[in-house]
Amino acid sequence: MQKLTRLPDTELEVMKAIWQKGTGICTSEIKQILDKQRIWNISALQTLLNRLIKRGFLTTYKNGKNKYYNIVVDEKTYLAFENKCFLKKVNENSVTKLVASLYQSNSITKNDLKELAEFIEKNTEGDEHDNTSKSI
């Protein structure tokens, strides 16, 4: 697999539709999902699908008249990559800075912080001396 790169917004929108439906999806099914938000031009969609193939996110095969796409990079892998880049770029790799910023901007509530504290407590039990980070 190629090294992951950040997807432009429109390509990410297409990948989200594909991740929603799953591997083995045809072009018309992708368009159907995307058209729920806004109407897509089929040639523009095909251009984006070809870019996603070149980037290593998808593979394709033809069956009859239809072109089908298989997922190479799953959503969980891409989101982990994207979040790691964001944390590094915007928050200097500091989760504390990220959460503080979200709280101070009223993007998260005290209840959200409580849930996060419970998550941290649950996922760090018995790890007092473990300095490795765990993924959320």
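Strand 1 and strand 3 run antiparallel and are joined by 2 bridges. This comes from a predicted model. In this pairing, isoleucine 25 stands opposite tyrosine 69 of strand 3.

**The sheet**

Strand 3 also pairs with strand 2. Strand 2 covers residues 58–63 and strand 3 covers residues 66–71. The two run antiparallel, with 6 bridges between them. Lysine 62 faces a lysine too: lysine 67 in strand 3 stands opposite.

Strand 2 and strand 3 form a hairpin with 2 residues between the strands. Glycine 64 in this hairpin takes a positive phi near 70 degrees.

How many strands does the open sheet have, and in what order? It has 3 strands, in the order 1-3-2, with antiparallel pairing. Which strands stand at the edges? They are strand 1 (25–26) and strand 2. Each has a single partner strand, so one side of each is left without a neighbour in the sheet.

**Two helices in contact**

Two packed helices are described by the angle between their axes and the distance between the axes. Here, helix 1 spans residues 9–21 and helix 2 spans residues 27–34. Their axes come within 9 Å and cross at roughly 110 degrees. Angles of 65 to 115 degrees count as roughly perpendicular, and helix 1 and helix 2 are therefore roughly perpendicular to each other.

Which residues make the contact? Helix 1 supplies Glu13, Val14, Ala17, Ile18, Gln20 and Lys21. Helix 2 supplies Glu29, Ile30, Ile33 and Leu34. Sorted by class, this contact has 6 nonpolar, 1 polar and 3 charged residues.

**Buried or partly exposed?**

Glutamate 11 belongs to helix 1. Is glutamate 11 buried or exposed? Glutamate 11 counts as buried, because its relative accessibility is 1% and the cut-off for buried is under 20%. Leaving aside its neighbours within four places in sequence, glutamate 11 is in contact with Leu48, Arg51, Leu52 and Arg55.

| Residue | Relative accessibility | Class |
|---|---|---|
| Glutamate 11 | 1% | buried |
| Cysteine 26 | 7% | buried |
| Cysteine 85 | 35% | partly exposed |

Cysteine 26 is buried at 7%, whereas cysteine 85 is partly exposed at 35%. A disulfide is a covalent bond between the sulfur atoms of two cysteines. How many disulfides does the structure hold? The count is 0.

Key:
Residues numbered from 1 in each chain as written. Predicted model: local features only at pLDDT ≥ 70, side-chain atom pairs only at ≥ 80, totals over all residues. Heavy atoms only, no water. Pairing = 2+ DSSP bridges. Helix = DSSP H or I, 4+ residues; strand = E, 2+ residues; numbered from the N terminus. Disulfide = S-S within 2.5 Å. Buried < 20%, exposed > 50% of the residue type's maximum accessible area, 1.4 Å probe, protein only. Axes fitted to C-alpha atoms, helices over the stretch in contact; angles between N-to-C directions. Parallel < 35°, antiparallel > 145°, perpendicular 65-115°, else oblique. Contact = heavy atoms within 4.5 Å. Nonpolar A, V, L, I, M, F, W, Y, C, P; charged D, E, K, R; others polar.
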